Amino acid sequence: MRLLVVEDEPTLQAQLSDALHAAGYAVDCADNGVDASHLGETEPYDAVVLDLGLPRIDGVTVLKSWRASGRAMPVLVLTARDSWHEKVAGIDAGADDYLTKPFHMEELLARLRALLRRAGGHASAELRCGPLALDTRSGRATVDGQALQLTGHEYRVLAYLIHRRDQVVSRAELVEHIYEQDFDRDSNTVEVFIARLRKKLPPGMIETVRGLGYRLVEPQ
Ligand code: CA
């Protein structure tokens with residue numbers, strides 16, 4: 001899962017970026033409305049954390065422009081304390097949830113998990129596919145209750161596939177959702193991650209759909 005964090009306060013931006021990385025997400029950051037607007041228009045984020053008080057273009061305007069151009073990714077807005085009118089403006093502009101500053105990072109992580117879950121049509125924080133379970137709260141994956149040892153990239157690939165279980169996910173889509181913008185992307189490495197995951201999962205769980213991509217399914 002790849003996220004965009006838009007926050008102009010450097011300390012908070014760094015805290016958000018660190019916490020989200022630690023939780024297994026790929027994270028891009030912007031510190032002003034112009035960059036945020038551009039990134040949100042052009043990159044396929046799974047969710048966005050958007051501060052509303054931003055330099056150059058304010059957050060509500062950025063959000064409205066995304067929604068006007070059909071960008072439907074879940075957006076969690078950050079609002080100033082005691083600013084109920086900001087919350088109203090944010091929700092009216094198309095925000096899916098909001099948090100008031102200061103907030104606890106655990107709450108932000110929980111709200112993001114809920115947004116990502118709903119976007120994928122899942123009701124529970126634990127995603128399952130046959131014997132495979134992925135607990136999005138702890139970032140732990142298990143097969144029949146046995147923990148899988150996964151690298152950061154393997155976790156991102158598996159998390160993306162299980163959010164879209166039974167659907168075909170192309171290699172290009174995986175590349176866009178597991179790497180950050182500045183990363184030297186090489187779609188061949190996706191094949192390497194898939195090969196490693198296949199060794200760790202029961203046989204047949206990651207199907208190759210020729211010419212289209214991969215699909216996570218229950219083992220036969
Ligand atoms: Ca701000």
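Predicted model: local features only at pLDDT ≥ 70, side-chain atom pairs only at ≥ 80, totals over all residues.

Q: Why is Gly 53 called partly exposed?
A: Gly 53 has a relative accessible area of 38%.

Q: What makes Gly 53 a donor of the calcium ion?
A: The calcium ion is coordinated by Gly 53 through O, alongside Asp 8 (OD) and Asp 51 (OD), at 2.2 to 2.3 Å. The cut-off for Ca is 3.2 Å, so these atoms count as donors. Water is not among the atoms, so the site may look incomplete.

Q: What spacing do the donors of the calcium ion follow along the chain?
A: The spacing is D-x42-D-x1-G. Asp 8 sits in the loop between strand S1 (2-6) and helix H1 (10-22), and Gly 53 in the loop between strand S3 (47-51) and helix H3 (59-68), so the pair ties together parts 45 residues apart in sequence.

Q: Which class does Asp 8 fall in: buried, partly exposed or exposed?
A: Asp 8 is partly exposed, at 31% relative accessible area.

Q: Why is Thr 142 called buried?
A: Its relative accessible area is 12%. Buried means under 20%, so the label holds for Thr 142. Thr 142 is in strand S8 (residues 140-143). Leaving out residues up to four places away in sequence, Thr 142 touches Pro 131, Leu 132, Ala 133, Ala 147 and Leu 148.

Q: Why does Asp 144 count as exposed?
A: Asp 144 has 64% relative accessibility. Exposed means over 50%, so Asp 144 qualifies. Asp 144 lies in the loop between S8 and strand S9 (146-147). Its phi is positive, about 50°, although Asp 144 is not a glycine.

Q: What makes Asp 166 partly exposed?
A: Asp 166 has 44% relative accessibility. That is between the 20% and 50% limits. Asp 166 lies in the loop between helix H6 (152-163) and helix H7 (171-178). Phi of Asp 166 is also positive, near 70°.

Q: Which peptide bond is cis, and where does Pro 102 lie?
A: The bond joining Lys 101 and Pro 102 is cis, with omega about -10°. Pro 102 is in the loop between strand S5 (97-100) and helix H5 (105-119).

Q: How do you know whether the radius of gyration agrees with a compact globule?
A: For 220 residues, a compact globule would have a value near 17 Å. The chain has 18 Å, which agrees. Of its residues, 48% count as buried.

Conventions:
Residues numbered from 1 in each chain as written. Heavy atoms only, no water. Rg over C-alpha atoms; globule rule 2.2 N^0.38 Å. Buried < 20%, exposed > 50% of the residue type's maximum accessible area, 1.4 Å probe, protein only. Donors = N, O, S within 2.8 Å, 3.2 Å for Na, K, Ca; no water. Helix = DSSP H or I, 4+ residues; strand = E, 2+ residues; numbered from the N terminus. Contact = heavy atoms within 4.5 Å.
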